[in-house]
Structures are given as structure tokens and as C-alpha cells.
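Hi,

Here is the structure I promised to pass on. Have a look at it first, and then read on for what turned up.

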Amino acid sequence: MSKTALIFAGQGAQTVGMGKDLAEKYPAARAWFDRANQALGYDLAAICFMGPEAELTKTENAQPGIFLVSWVAFELLRERAPKLGFDATAGLSLASWLNRVIAGASWDTASSKSV
């Protein structure tokens with residue numbers, strides 16, 4: 001029997017340009033970036049998409065940026081494959097917070113556990 005796990009990155013995995021391709025290709029992704037910018041009161045998307053690297057690597061930008069890009073990827077997966085189930089989520093450090101959020105997200109066929 002096969003099992004499916006979703007694995008997410010932690011701080012240190014940030015890279016200038018992360019999430020930009022998703023925002024350019026998928027309107028739903030762009031909407032998530034816009035919502036985050038509005039909630040935060042600054043343009044986190046621009047920092048993720050264009051840097052500079054020195055700004056992106058600051059903890060106050062890297063952590064919400066990685067969380068946001070990971071969340072957007074998760075939401076796009078959920079939108080595009082609504083019947084895809086997963087058995088666990090995993091990740092290092094910061095990803096543990098995302099795992100907790102995802103564990104509480106509704107996904108009809110999924111029974112997720114954060115590890």
C-alpha cells in the first residue's frame with residue numbers, strides 16, 4: 001500500500017524569485033499574494049519575487065515568505081487535484097507551522113497528520 005506525504009521547506013530554502021511563476025500563471029496564486037500583502041501592510045510578494053537577496057534572507061521576510069509560497073503551492077494543489085489524499089505532512093523548522101495549518105484545512109478525501 002502506498003502513502004502520500006506533502007513535504008515543505010523551512011527557513012534557509014528561500015530564494016529570490018520564489019512564487020513568482022505561480023503568481024504569473026495562476027490568478028488564484030496572485031490573489032493569495034495580494035491578500036498577504038494587504039494583511040501584512042507591505043509588499044512581501046515583491047520581496048519574494050525580486051529581492052534583493054539581502055532583504056529576503058532577513059528572518060522577518062524569509063519566514064513569512066516561505067510560509068506564503070508553500071501555502072500558495074498547497075492551495076493550488078488542492079484546487080487542481082481536489083481528490084488527492086495525503087497521509088502526512090512534513091518539513092523542517094518553519095514548515096512545522098505550515099503543517100499545523102494544513103492539518104486543519106478541509107480536503108474532502110484527505111486525512112492528514114503533521115509529522
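This is a predicted model: local features need pLDDT of at least 70, side-chain atom pairs count only at pLDDT 80 or more; totals for chains, interfaces and linings use all residues.

Asp34 has a relative accessible area of 40%, so it counts as partly exposed. Its salt-bridge partner is Arg30, with 2.8 Å from N to O. Arg30 is partly exposed too, at 29%. Both residues belong to helix 2, where they sit four residues apart, about one turn of the helix.

That pair is part of a set of four salt bridges in the whole structure. Another one links the side chains of Arg78 and Glu75, at 2.7 Å from N to O. These two are in helix 5, three residues apart, again about one turn. Glu79 is partly exposed at 45%, and Arg80 is partly exposed at 48%.

Now for the inside. The largest nonpolar core has 19 residues, and Phe33 and Val72 are the ones that touch the most other members. Helix 1 (20-25), helix 2 (27-40), helix 3 (44-50) and helix 5 each give two or more residues to this core. Apart from it there is another core, of eight residues, including Phe8, Ala95, Leu98 and Ile102. As background, nonpolar side chains tend to be buried together in soluble globular proteins. If you click on Phe33 and skip its neighbours within four places in sequence, you will find contacts with Gly19, Ala23, Ala45, Phe49, Leu68, Val69 and Val72.

Helix 5 (residues 59-80) also holds Asn61. What does Asn61 touch, beyond residues up to four places away in sequence? The list is Tyr42, Leu44, Ile47, Glu55 and Leu56. Asn61 has a relative accessible area of 4%, which means that it is buried.

On to the strands. Strand 1 (residues 5-8) and strand 2 (residues 88-91) run parallel and are joined by four bridges. Leu6, for instance, has Thr89 in strand 2 as its bridge partner.

Leu92 is in the loop between strand 2 and helix 6 (95-103). Is Leu92 buried or exposed? Its relative accessibility is 64%, so Leu92 counts as exposed. Leaving out residues up to four places away in sequence, Leu92 touches Phe8, Ala9 and Gly10. From Leu92 to Lys20 it is 72 residues in sequence and 23 Å in space, C-alpha to C-alpha.

Ser93 lies in that loop between strand 2 and helix 6 as well. Ser93 is not a glycine, yet it has a positive phi of about 55 degrees. With a relative accessible area of 48%, Ser93 is partly exposed.

Finally, take a look at the peptide bond between Gly51 and Pro52, which is cis, with omega about 5 degrees. Pro52 is in the loop between helix 3 and helix 4 (53-56).

Cheers

Note on methods: Residues are numbered from 1 along each chain as its sequence is written. Side-chain values use heavy atoms; hydrogens and water are left out. Buried means under 20% relative accessible area, exposed over 50%, partly exposed in between (1.4 Å probe, protein chains only). Contact means heavy atoms within 4.5 Å. Two strands pair if DSSP finds at least two bridges between them. A nonpolar core is a set of buried Ala, Val, Leu, Ile, Met, Phe, Trp, Tyr and Cys residues joined through side-chain atoms within 4.5 Å.
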